[in-house]
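Please have the sequence and the 3D view at hand.

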Amino acid sequence: MKYILNPTPIAEKCFLIEALYWVAFNIYPEEAFITENGKNMREDTEYHDQIEINIPEEFDSFFTEDVCKKYGLPKSYLAEYIRENHDYPFPSDHSQKTLDILQRKDGVDDYSIDEEEIEQIKRDIAGQKEFEEKQNLFNVALENFLEVPKMELFIALKKKKLKVYSRYLIPDDEDGEDDGFLVHTEMTYNKFEFQDVKWNDSMIEGDGCLFPHVLIDVKSLFSVFPESDLEVVKVNSLNGIYIIDDNNKELTNVNFKSATSGRKPKVNWDLVHPYIAKRIKETGWNLSKQDALADEVKTWIKENLKEEIGISTIKAKLKPYWDLLKSEN
């Protein structure tokens, strides 16, 4: 099979977790998409209205069999699953929450349930837990492997060798409320300790405040941590389009990306949608009630699914309801 090479710009700034994977594996941080607000996704304060970040490129599918052998890591069953199914497996804790809610019929009174469905969910949970146990061997090995790159990046941050940007949050001020997320500004604070760096969240704690959504200037990152020697491979060209053939012996180790249909699911939206429909039916449709319903849904998810979801994400899920109801009124 032939593959077309599509030019992808390298980002000018990347999240701290992306910088870590550059240091560890030389995974280039790709330019992010532009949000509906006309801003770069990484820096859009409305798109990122929670502590949690969304990165343009998930790393999970990167760990092919060849990559794992190269870095001395055990097999990643998750990478294999993503490449075969172009999606993430459903987590066992989501299935368990689904089972608990369906058995209680909490908020989904009109949902038809039979015993066979309950038994199938139980079988799914058993299979998912077995998968997660096998994948955990890789996860532990990866964490151990990342210890040295984390320390190297931490030292560069402490010595201010990198140009760093962050937002700023003071939790629970004198009014009892968060001070809110401010826009990205250059970060000069460097009195944090290693344990203050929350790598997966791209956040640094310190001095009674949080520095969330930490961004690293990529030019400075490449200067301190230059790329490894590039492998020269044969690339063909046709009408100005660059093409490679995966049968070419030179390309046996090329890591072809596996597009997924979405990111790792944080909540089971199949459970949330019946609750949304139920609340619209009970309260009646009114355009002015959008914010109130979004707050209700956020609270329901937190209480029943034990997850914090940003209002912008919830409103995106509500939009099809409003669009449909507006068209009928």
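What is the order of the strands in the open sheet of three strands? In this predicted model, the order is β5-β6-β7, and the pairing is antiparallel.

## The open sheet

The edges of this sheet belong to β5 (197-198) and β7 (209-211). Each has a single partner strand, so one side of each is left without a neighbour in the sheet.

Have a look at how β6 meets β7: strand β6 covers residues 203-206 and pairs with β7 in the antiparallel sense over three bridges. Here glutamate 205 stands opposite leucine 210 in β7.

## Strand β10 and its partners

Strand β10 (residues 241-245) pairs with strand β1 (residues 2-4) in the antiparallel sense, over three bridges. Lysine 2 has aspartate 245 in β10 as its bridge partner.

Strand β9 (residues 236-238) also runs antiparallel to β10, and three bridges join them. Asparagine 236 has isoleucine 243 in β10 as its bridge partner. Together β9 and β10 form a hairpin with two residues between them. In the turn, asparagine 239 has a positive phi of about 55 degrees.

## A negative patch on the surface

Now turn to the surface, where Asp93, Glu130, Glu132 and Glu133 gather in a patch of negative charge. Which helix gives the most to the negative patch? That is helix α5 (residues 115-145), with three residues.

Glutamate 133 is found in helix α5. Why does glutamate 133 count as exposed? Its relative accessibility is 58%, and exposed means over 50%.

Definitions and conventions. Residues numbered from 1 in each chain as written. Predicted model: local features only at pLDDT ≥ 70, side-chain atom pairs only at ≥ 80, totals over all residues. Heavy atoms only, no water. Patch = residues over 30% accessible without salt bridge, like charges linked within 9 Å, V, L, I, M, F, W, Y side chains within 5 Å. Areas by Shrake-Rupley, 256 points an atom, 1.4 Å probe, with all protein chains shown as cover. Salt bridge = Lys/Arg side-chain N within 4 Å of Asp/Glu carboxyl O. Lys, Arg positive; Asp, Glu negative; His and termini not counted. Charge placed at Lys NZ, Arg CZ, Asp CG, Glu CD. Helix = DSSP H or I, 4+ residues; strand = E, 2+ residues; numbered from the N terminus. Buried < 20%, exposed > 50% of the residue type's maximum accessible area, 1.4 Å probe, protein only. Pairing = 2+ DSSP bridges.
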